[in-house]
Amino acid sequence: MLVLGFQGSPRKKGNTSFLLTSFMQAAESLGAQTQIIEVTQKNIIPCKEYVVCEKKGFCPIDDDLKSEIYPLIRQAEVVILASPIFFYNMTAQLKAVVDRCQTFWARKYKLKLCDPAKKTKRGFLLSVGATSGKNLFEGLQLTAQYFFDAIDARFGGSLTYRNVEGPKDMAKHPTVLADVEKKVSALIKPLLGRKKILFACRENACRSQMASAFAQYLAGDKIEALNGGSQPANHINPDMVKVMHEKGIDMGFRSPRPIEDAIANNTPEVIVTMGCGEECPFVPGARIVDWDVPDPAGKPLDFMRQVRDEIEKSVKDLIKELK
Ligand SMILES: Cc1cc2nc3c(=O)[nH]c(=O)nc-3n(C[C@H](O)[C@H](O)[C@H](O)COP(=O)(O)O)c2cc1C
């Protein structure tokens, strides 16, 4: 399970960085995978309001958001926004990321698609400010809340500190580490006890992508769905994306990956194989379930729909069996 954190301060070793790093260390100690995006070191172009996302569901701007950050936001089950207060909101650099996530807003509200992980996805806010006014975090809270809604994450709370100004102030705070531990535990622990299931096929372009998305969508609170291919293709299959969109499930920003990557930091308890045969992985202790699902690649769209429905039914049966 990936916890993704956006570090929005231009100070590399300042208060926000300390707070986010402590948060991530606590999450890792519980068994989560973590990744921090140092926003000020990325090539992020602010939104140009081309409105392409509202019509087509993608942003035409070619930068680190497109190549790296959109897919990570989709992959993560917990997304952390961390920023110092700059004029009663987040830093401009982080706000550029938030604005460009209008793409997710458009996919959700204009194209009526939902993130397959919406059942479990959580957003969390970390912030510091130099002054002590009652309304110090209000602007930021509102922006963060709308951002989390756009990426289909439920707002999982916040940790905010007033009277924090010099770069080392946060590190000297008497209760910060205990505060972080408490919040991380409440946020992460419920997601870590889920049954890990790997869905594997040959190319990880159709069948295992659909199966893992259905598993997340239908039972993400009980299943941590992994997916991979024995010979991953370069891209996911556009017909598969189309038929999943007919079900309202957004398959955007995904790409095929090798089975080894999928299980590098995760030991699945069940491995569902669909056509990867001999090449499917051996994981000691894992139960292997083989689904006889034909490869829909290159076949008519209706065949892709039939395979989608067959996989949905098999996932539902699997969920019932796991209860
Ligand atoms: C451009 C700028 C604007 C700021 N605006 C505010 C503000 O509106 N309210 C406040 O309390 N602190 C404000 N601050 C202070 C920072 O929030 C504070 O120093 C914080 O601890 C910096 O965190 P960092 O070390 O993570 O960068 C501002 C600082 C800068 C540089």
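In which helix do Lys95 and Asp99 both lie, and how many residues apart? The two sit in helix α4 (residues 92-100), four residues apart, or about one turn of the helix; helices here are DSSP runs of H or I with at least four residues, strands are runs of E with at least two, and both are numbered from the N terminus. The model is a predicted one, so to speak of local features takes a pLDDT of at least 70, side-chain atom pairs count only at pLDDT 80 or more, and totals for chains, interfaces and linings use all residues. Residues are numbered from 1 along each chain as its sequence is written, and side-chain values use heavy atoms, with hydrogens and water left out.

Lys95 and Asp99 form a salt bridge, with the closest N and O atoms 2.9 Å apart. The term covers a side-chain nitrogen of Lys or Arg within 4 Å of a carboxyl oxygen of Asp or Glu, and the structure holds 23 of these pairs. Lys95 is partly exposed at 29% relative accessible area, and Asp99 is partly exposed at 32% (buried is under 20%, exposed over 50%, partly exposed in between, with a 1.4 Å probe and protein chains only).

Then there is Arg107, whose side chain meets that of Asp250 in a salt bridge at 2.8 Å, N to O. Arg107 belongs to helix α5 (residues 102-109) and Asp250 to the loop between α9 (238-245) and α10 (259-262), so the pair ties together parts 143 residues apart in sequence. Both Arg107 and Asp250 are buried.
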